[in-house]
Amino acid sequence: MATMVGTQKDLVSLLNQLLELDYDAIEAYKAAIARLKDTADRAQLASYMHDHERHIRELGDEIVAMGARPSNGPDMKQVLTKGKVVLSALIGDRLILIAMRTNENDTNTAYERAVDRTDLPQHLRAILERNLTDERRHRAWLAQRIEVLNAAAHP
């Protein structure tokens, strides 16, 4: 799914969209963790889910500081982000991780767009840059892990 998050003109709308994307990610992580067979992979994804939980807390605090109300849960995208993981589980861990990587591609794109904005206060830019660093780390690990699983499946 190609995300449009990060293209919002108003800063509160942008932050709320990022917040909802992080809520969606948590739902997908929960689904993946519940379905993965590999315990090390489950533990790694749990640590990434905690990053998304931190993103939610920080973004929510920023939205409140701007005098607005933060979103308090996932939006309809969760059906797609979680659904990809659930369907992939029918085939195995490798496809679950591939589904998670596509979800992380969207979060990376959204945070990259947000960081590229020129109207960000410095403290907010720092938060968004840290979140983007997390997202890039998540995606890189997923890509590396998928590569290992691909090599094992096709020696």
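Mentor: Before we start, a helix axis here is a line fitted to C-alpha atoms over the stretch in contact, and angles run from 0 to 180 degrees between N-to-C directions. Keep in mind, too, that this is a predicted model.

Trainee: Thanks! How are α4 and α5 oriented to each other, roughly parallel or roughly antiparallel?

Mentor: Helix α5 covers residues 122-153, and its axis lies 9 Å from that of α4, at an angle of about 155°. Angles over 145 degrees fall in one class. The two helices are therefore roughly antiparallel.

Trainee: And which residue classes make up the contact of α4 with α5, and what is the handedness of the crossing?

Mentor: By class, that contact has 13 nonpolar, six polar and 10 charged residues. As for the handedness, α4 passes α5 in a crossing that is left-handed.

Trainee: Let's move to α1 and α2. How do they run relative to each other, roughly parallel or roughly antiparallel?

Mentor: The axes of α1 (residues 11-35) and α2 come within 9 Å and cross at roughly 160°. That makes α1, relative to α2, roughly antiparallel.

Trainee: How many nonpolar residues are in the contact of α1 with α2?

Mentor: The crossing of this pair is left-handed. Its contact residues include four polar and five charged ones, and the nonpolar count is 17.

Trainee: What about α2 and α4: roughly parallel or roughly antiparallel?

Mentor: Helix α2 (residues 39-65) and helix α4 (residues 93-115) have axes 14 Å apart, at an angle of about 25°. An angle under 35 degrees settles the class, so α2 and α4 are roughly parallel.

Trainee: Which residues of α4 make the contact with α2?

Mentor: From the α2 side come D41, L45, H52, H55 and L59. By class, the whole contact has four nonpolar, three polar and two charged residues. On the α4 side you will find L97, E104, T107 and Y111.

Trainee: I see one aromatic pair in the structure. What is its geometry?

Mentor: The pair links distant parts of the chain, with Y48 in helix α2 and W141 in helix α5, 93 residues apart. The ring centres of Y48 and W141 are 5.9 Å apart and the planes stand at 75°, so the pair is edge-to-face.

Technical notes. Residues are numbered from 1 along each chain as its sequence is written. This is a predicted model: local features need pLDDT of at least 70, side-chain atom pairs count only at pLDDT 80 or more; totals for chains, interfaces and linings use all residues. Side-chain values use heavy atoms; hydrogens and water are left out. Helices (H or I, at least four residues) and strands (E, at least two) are DSSP runs, numbered from the N terminus. Angles under 35 degrees count as roughly parallel, over 145 as roughly antiparallel, 65 to 115 as roughly perpendicular and the rest as oblique. Contact means heavy atoms within 4.5 Å. Ala, Val, Leu, Ile, Met, Phe, Trp, Tyr, Cys and Pro count as nonpolar, Asp, Glu, Lys and Arg as charged, and the others, Gly among them, as polar. A crossing is left-handed if the near helix is turned anticlockwise from the far one by less than a right angle, and right-handed if clockwise. Rings of Phe, Tyr and Trp (its six-membered ring) pair if their centres lie within 6.5 Å; planes under 30 degrees apart count as stacked, over 60 as edge-to-face and the rest as tilted.
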